[in-house]
Amino acid sequence: MLADFFAGLGFAYLGMLALCQGLDRHYKQVWGKAPSARLSRLLRVAGWVSLALSLWFCAQAWGWAMGPVGWFGLLSLSGFSLLMLLPYRPRLAVWLPMGFVPVWAVIATLL
Amino acid sequence: MKQTLTQSMAWLHTWGGLIVGWLLFVIFLTGSLAVFDQEIDNWMTPELPAHHLTDEQAAQRALTYLQTHKADAKQWGISLPYERSPQLQASTGGRRDGVSVTLDPDTGEVLPVRETVGGRFFFLFHFTLHMPRMIGIYLVGALAMGMLAALVSGIVIHKKFFKEFFTFRPAKGQRSWLDAHNASAVLLLPFHLMITYTGLAIFLVIYMPAAMDALFDGDREAFFKAQDKTPASVAVQRPATTEPAPLVALGPLLSQARAVMGPLGGISISNPGMSNAEIQIRPILGNRIALTKGQGMRFDGVSGEQLSGPTEMRPTVLTHRVISGLHFAQFGGYPMRWLYFICGLISSAMIASGLVLFTVKRRRKYASEGRVAQVLYRLVEALNVTVMAGLSLACISLLWGNRLLPLGMVDRPDAELNVFFGVWALSFVHALVRPRMQAWREQLGLAGLMCVSLPLLSVFTVNRPWALHSSMGVELTAMVLGALLLWACWKVSQPAVERVPRKKTAVMAEVN
């Protein structure tokens, strides 16, 4: 359950991050230049797909009744942590999901 | 003067938000703590040992105790230890006049535990504000309506809802406060709306009694009885006379009930030792979203035959129970609890940032205001300190009081409450006497230090402070929150970044 929960959290963060980077203002904040129109669209699509995956993992962790409740919570919290990270450590905010993979792997194998 | 909708809403949000904001912060902070009420409860009774009894073993321990010491009682109750609480309790008497004792899981004898208000205090305070009778419940209901009004008016006046979805610009004074307020409100909007609405809906019968009065003549018992789908009492043929009869073995009944309802929370036995004995087994809250309080399976106490299963709820009742359950957050295990806890803390911070914003926006103009307005603003500043820093200080002082008050003293729980309310009252006096920023710094700093040093306090006052994992969790969480408070204290001590607005119009646009 914990691995699914963490996967839900990871994809929620990734989705929020992609949606955020799909906005010119925040893309510039990290990379110093505006994204191309194609990249923007790609980021937004990827963002929504990632949020959908997050919902699926939440349902795996909690079932389809409780899953959506937890999903909304994870969306809010991951969005909020992104918001807090972005102005102070923009690059870290973008590369953070890379760190999720080993953590998830450890949880999935140990628990 | 003709006002636009946005201006009216901004006025409503500013002044309405100010008036309800203080108590809403109190409700949200204590509500967040109440998410872990059982864990704080365990921390406040450090005599409880950890153990690994199965339900069957635990029930047997309690049963042996009751049979030896309370053989003549008409009603027995056993509350079983479970994931969140290691406490095994045996009780006699009904729900109102019952007497319960905590049992040592190893020996089955009475375990002396300290008298304390427990983590339950945060839960009760969250919706009664420690006011007599129903006043608190009505007040909290009115405040929840105020919260909904503030949320809706806030959405209306927030012009860049999506454009500034992820925007936070730190170290820019008022701009940063507004960003933080907006972003925490927008990103957690589903939580804010859900928790406020469900909080209101729990007491719908209290807030809107007209239907119950009209249909049931105000008879609450009849109303609750009518909610059950099946008749409340299943007709059981019983001989008119009762005679002594041995109680059926609990073990098979427990596993049967567990198979149907999931993890179990308690057992009650009426007329134990007689031929008309009856056993009720209840699940723990939180096997599902809907609150299932008081629902369980009933068995014949002699034959072990199942008399009634968990009652099916009518769709209307189920709806209400699910809405209440969403608020109580008993479902989904610890991950869900943490989500509610952190969301609740961010909600509290959102309300706090709004209250701070009110004063930050007006500080520049204080000097030019009239005398009455100056007194008013001074009061608002002091109340802000009392409500935010002072309440944090009072909450952690309650935990300190639990450890430091002498164990044998009379009315110990009341003394703990005196510590809580005494510290809170002192913080108000302190906030009135000290200059504004000093008051913030000193109260935040003290609260932070007390939180961070909570484990030290435990080491010096308790024999086995970390016998339970949950107690260690409480202290680690307190340390993290204490670090946040100290950080806030440090931030307050930094010289203020006062930025002159570039244009007058820019200031007007920010009025929300």
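**A helix and a chain contact**

User: Which residues of α11(B) are buried?

Analyst: In this predicted model, a residue is buried if 20 or more other C-beta atoms lie within 10 Å of its own, exposed if 12 or fewer, and partly exposed in between, with C-beta atoms placed from the backbone. Helices (H or I, at least four residues) and strands (E, at least two) are DSSP runs, numbered from the N terminus. For α11(B), the buried ones are L250(B), L253(B), L254(B), A257(B) and M261(B).

User: How are the residues and chains labelled, and what pLDDT do local features need?

Analyst: Residues count from 1 along each chain as its sequence is written, while chains are lettered from A and ligands numbered from 1 in the order in which they are written. Side-chain atom pairs count only at pLDDT 80 or more, totals for chains, interfaces and linings use all residues, and local features need a pLDDT of at least 70.

User: Why do the buried residues of α11(B) line one face, and within what arc?

Analyst: Residues three or four places apart point the same way, because an α-helix has 3.6 residues a turn. The arc takes in the directions from the helix axis to the C-beta atoms. Down the axis of α11(B), the buried residues line one face because they fall within an arc of 100°.

User: Which residues on the other side of α11(B) are exposed?

Analyst: Covering the buried residues are, among others, α3, β4, β5 and β6 of chain B. Over on the other side of α11(B), the exposed ones are P252(B) and A259(B).

User: Which helix gives the most to the side of chain B that touches chain A?

Analyst: Contact here means C-beta atoms, placed from the backbone, within 7 Å, and 20 residues of chain B are in contact with 20 of chain A. Helices α6, α7 and α13 of chain B each supply at least two residues of that side. With 6 residues, the one giving the most is α13(B).

Methods: Contact = placed C-beta atoms within 7 Å.
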